[in-house]
Amino acid sequence: MSRIWSDAERGWMSRAIELARPHRTHPNPRVGCVIVGAGGKVVGEGAHRGVGTSHAEAVALEQAGDAARGATVFVTLEPCSHYGRTPPCADALVAAGVARVVVAAYDPDVRVRGRGVAMLQQAGIETAVGLMEDEAVRLDVGFHHHRRTGLPYVRAVVADAEARSDEAVSVDIAALISEADHLLETTVSPRLPTRGELEGLAEHGHLYVAIEDTEMIGSLRRAGLVDAASHYVRIGENHDGLAAQNGLRVIDAGEIGAGYRRIDLERSPAGWPPLVLRRAEASIPTHHGRFRAIGYESLEDGRHHVALVRGRVAGEEGVLVRIHSECLTGDVFSSLRCDCGFQLQEAMHRIGEAGRGVVLYMRGHEGRGIGLIDKLAAYALQEQGRDTVEANLELGHPEDNRDYGAGARILADLGISSLRLLTNNPAKRAGVEAYGVRIIERVPLVAGENDHNRTYLRTKVAKLGHVIDMEDHSRRRVRGETGED
């Protein structure tokens, strides 16, 4: 849930970021901490200065002493929740009696992410996350990238021998390389580092690789091992196809020396999927068989999702999966304006018969992501003659505003490496695959056509690309993919 931060809060978090910036802490993250007491006075501050030194929170708490009781803590990274060389910082904050903790960014390590915040909240401490998150991540982008992906943060510098002999270019390359916190290897020959070499260096944070051939950028990108690139080209040289060729996009350009231009390229992925935590699990008997209901919380937006799991799915090939967008009107009230409820029941029926599969019930997808109230407003516009797409657009929303990152994370947590997706919506398949999920088959799911949703179905086919044979659908009166899918 987003909130508005005050200028004073931003100022204190900025101070925490600046405290952390100068220190070389690898392989640990840079962390800064500021403690603000009564009357808005800073009573303690600190930063982690390197391996074997105290954590930022511990330094700030020691400086604050008794003044920490009832104070607000601003820290750039979620307080640690596990024992290492030092006890958990979350415990130290609880023991100090602080009243409130403001965190810039969650710990990106999936093994501990969210636990520090949970410990603080369980102790009754008001805890908020997200103030200046982007700035905090940029403070130590290599650490965040590696902890999320297990891969190094790689930047490729592409320059041929002639370009590197130009003093202005070589100085610029040196400046790029100096941005790396922990430069481990910079090659100047046209050699493509192997995936094994790069993965072996993953624990070490940033890595800059100087290569000569732009084709190598594409190879690194396809291996998931390059996150940015700088390419030096002669002024006037045609580079229009560079982005398309390598799946990269131009984000900046500037003249280097007398004859060269540097083109900065960066991947344009769907983004990192939101991290999720299992919060509860229970067995649920249904008309379609017994399922395990596993409750997840998305740490990015606080939404709760449910995975209904039937049978063994971890490590199995081609697991039957339905990613179902919540629809209160259809799923709960049995509305005939859509056939979401019919789809949900049909998916559970098929998975029940198969004896193995998952129904992911995704919250926040109501009305293709516009929310319940605006969905009802869209219904009102449809009663005035608009179709479902026109209604969403008139309300200021995209045609489809859903994201499948949390669903991808849940599937990964369930140990599903490949799946058969129950959907008639090719865009849903693309949206899921954007997060690295391997879908080996799209399985049609037809359910619930009736006199109230037939026009709606045709709009979904005509304007949103759903694959439904309307003639066969009408004749057999079988169930079809519509609603919020």
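## Helix pair α3 and α4

A crossing is left-handed if the near helix is turned anticlockwise from the far one by less than a right angle, and right-handed if clockwise. In this predicted model, the crossing of α3 and α4 is right-handed. Helix α3 covers residues 89-96 and helix α4 residues 115-122. Helices (H or I, at least four residues) and strands (E, at least two) are DSSP runs, numbered from the N terminus.

Two packed helices are described by the angle between their axes and the distance between the axes. For α3 and α4 the angle is about 20° and the axes lie 9 Å apart. Axes are lines fitted to C-alpha atoms, for helices over the stretch in contact, and angles run from 0 to 180 degrees between N-to-C directions. The two helices are therefore roughly parallel (angles under 35 degrees; over 145 is roughly antiparallel, 65 to 115 roughly perpendicular, the rest oblique). From α3, Ala90, Asp91, Leu93 and Val94 meet Gly116, Met119 and Leu120 of α4. Contact means heavy atoms within 4.5 Å.

Serine 81 sits in the loop between β3 (72-77) and α3. Its contacts, leaving aside neighbours within four places in sequence, are Pro88, Val112, Arg115, Gly116 and Met119. Serine 81 counts as buried because its relative accessibility is 17%. Buried means under 20% relative accessible area, exposed over 50%, partly exposed in between (1.4 Å probe, protein chains only).

## Model basis and confidence

Residues are numbered from 1 along each chain as its sequence is written, and side-chain values use heavy atoms, without hydrogens or water. Local features need pLDDT of at least 70 and side-chain atom pairs count only at pLDDT 80 or more, while totals for chains, interfaces and linings use all residues.

pLDDT is the predictor's confidence in each residue, from 0 to 100. The protein averages 82, and 80% of the residues score at least 70. Over residues 472-485 pLDDT stays under 50. The model has 73 contacts beyond four places in sequence for that stretch. Where pLDDT is low, the predicted coordinates should not be read in detail.

## Overall make-up

The protein has 20 helices and 17 strands. Buried residues make up 51% of its 485 residues. Of the contacts with a separation of 6 or more, 68% join residues 24 or more positions apart.

## Nonpolar cores

A nonpolar core is a set of buried Ala, Val, Leu, Ile, Met, Phe, Trp, Tyr and Cys residues joined through side-chain atoms within 4.5 Å. The largest has 25 residues; Ile323, Val358, Leu414 and Ile416 touch the most other members. At least two residues each come from β12 (289-298), β13 (304-310), β14 (319-325), β15 (357-362), α17 (405-413) and β16 (418-422). The largest share, four residues, is from α17.

Isoleucine 416 touches Val313, Val319, Val321, Val358 and Leu411, not counting residues up to four places away in sequence. Another core, of 21 residues, lies apart; Val31, Ile35, Leu61 and Ala64 are among them.

## Buried strand residues

Alanine 156 lies in β6 (residues 153-158). At 0% relative accessibility, alanine 156 is buried. Its C-alpha is 8.2 Å from that of aspartate 227, 71 residues apart in sequence.

Isoleucine 263 belongs to β10 (residues 260-267) and is buried at 1% relative accessibility.

## Positive phi in two loops

Most residues other than glycine have a negative phi. Methionine 132 has a positive phi of about 60°. Methionine 132 lies between β5 (126-129) and α5 (133-139) and is buried at 12%.

Serine 334 has a positive phi near 55°. Its loop runs between α12 (328-332) and α13 (340-354). Serine 334 is exposed, at 52% relative accessible area.
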